Amino acid sequence: MAHNIFKGLGVALITPFTIDGEVDYKALARLVEYQVSNGANFLCILATTGETPCLTREEKDEITEVVKQVNAGRVRILKYCGGNNTAAVVDEIRRSDWSGIDGILSICPYYNKPSQEGLYQHFKAIAEASPLPVVLYNVPGRTGVNMKSSTTVRLARDFDKIVAIKEASGSLEQVDEIIKMKPDRFDVISGDDALTFSMVASGAAGVISVIGNALPKEFSRMIRLEFRGEYEPARKIHHTFTELYSLLFVDGNPAGVKALLNDMGMIENVLRLPLVPTTIKTKQKMAEIIKDLRI
């Protein structure tokens, strides 16, 4: 029976671009090495934070190869494959080369707003087609539909391939309900940096993090402390990041974390339309916080 292998700090990998707007594969390689060497337990590639809707098929394939080569099997890789056309997602799963990939992250269908039964049937089809473990992704703020805890638990119980959910509903009550009712082999993973401390304290297995792109060592330390039951030092790290959490997303994701990485000298501060860089004011505020961080 399959168990969840995606635990601890997962980094929702950004896609760096050159000044000319091309994918910066050299910067990508540096980023992967930085994260793997500084505490990341797994990498989540080609999802929301990676600006994936604005990438070509060729770019996505090349990004996948670069990540696999630099990682060289050191940490697990979770790759996004999702959409709001069930047949198309299933077809992509069947046609894709999944070598070197450890699991599939798949989002609740967006825009067409399925019912709870529609969500169940969508993920049933994905689970039956997937050669790899599947992590569900519930993010109502982006999809327009919330997968209820009862539906999540039903899927977890019915399909061995479904091993976890990236839960970004923002509801700690919903997280508690899933953790209370889920089978032992299934885990909840935080999809919200700001709620990670509380979710791990409630029994979540880790996070798929945006801030981890820039600060993997600090954020992974917080999670490891919690896993050991050392909540006071973990809480201090969490509180250190409180203002940064909100600034990261005030101008949209991944604008905030790209500004941080730019200040660190790791990437150009470039996004692809319709996304634009964070405001100068926000960028300056984040730079001041990072300068003062002493964890």
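This is a predicted model: local features need pLDDT of at least 70, side-chain atom pairs count only at pLDDT 80 or more; totals for chains, interfaces and linings use all residues.

Colleague: Okay, which residues touch the most other members of the largest nonpolar core?

Modeller: V67, I162, F219 and F241, out of 81 residues in that core. By nonpolar core I mean buried Ala, Val, Leu, Ile, Met, Phe, Trp, Tyr and Cys residues joined through side-chain atoms within 4.5 Å. Buried is under 20% relative accessible area, exposed is over 50%, and partly exposed is in between, using a 1.4 Å probe and protein chains only.

Colleague: And which helix gives the most to this core?

Modeller: Helix α4, residues 116-129, with six residues. Helices here are DSSP runs of H or I with at least four residues, strands are runs of E with at least two, and both are numbered from the N terminus.

Colleague: What is V67 in contact with, leaving aside neighbours within four places in sequence?

Modeller: L13, L28, V32, L43, I45 and I77, where contact means heavy atoms within 4.5 Å. Another core, of 17 residues, lies apart from the largest one, and F42, Y80, L105 and A168 are among its members.

Colleague: Back to α4. At what angle do the axes of α4 and α6 cross?

Modeller: Roughly 30°, with the axes coming within 10 Å; α6 is residues 149-158. The axes are lines fitted to C-alpha atoms, for helices over the stretch in contact, and angles run from 0 to 180 degrees between N-to-C directions. So α4 and α6 are roughly parallel to each other. The cut-offs are under 35 degrees for roughly parallel, over 145 for roughly antiparallel, 65 to 115 for roughly perpendicular, and oblique for the rest.

Colleague: Who makes that contact?

Modeller: Q116, E117, Y120, F123 and K124 from α4, and T151, R154, L155 and D158 from α6.

Colleague: What covers the buried residues of α6?

Modeller: The cover includes α4, β5 (134-138), β6 (162-167) and α7 (172-181). The buried ones in α6 are S149, T151, T152, V153, L155 and A156.

Colleague: Now α12 and α13. How do their axes cross?

Modeller: At roughly 55°, coming within 10 Å, with α12 at residues 255-263 and α13 at 280-292. That makes α12 oblique to α13.

Colleague: Which residues touch there?

Modeller: G256, A259, L260, N262 and D263 of α12 meet K283, M286, A287 and I290 of α13.

Colleague: Why is α12 largely enclosed by the rest of the structure?

Modeller: Because seven of its nine residues are buried. Those are A255, G256, V257, K258, A259, L260 and L261, and what covers them includes α1 (25-37), α11 (242-249) and α13. After α12 comes G265, with a positive phi near 80°.

Colleague: What does E226 contact, leaving aside neighbours within four places in sequence?

Modeller: T196, F197, V200, A201, Y231 and A234. E226 and G203 are 23 residues apart in sequence and 9.9 Å apart in space, C-alpha to C-alpha.

Terms used. Residues are numbered from 1 along each chain as its sequence is written. Side-chain values use heavy atoms; hydrogens and water are left out.
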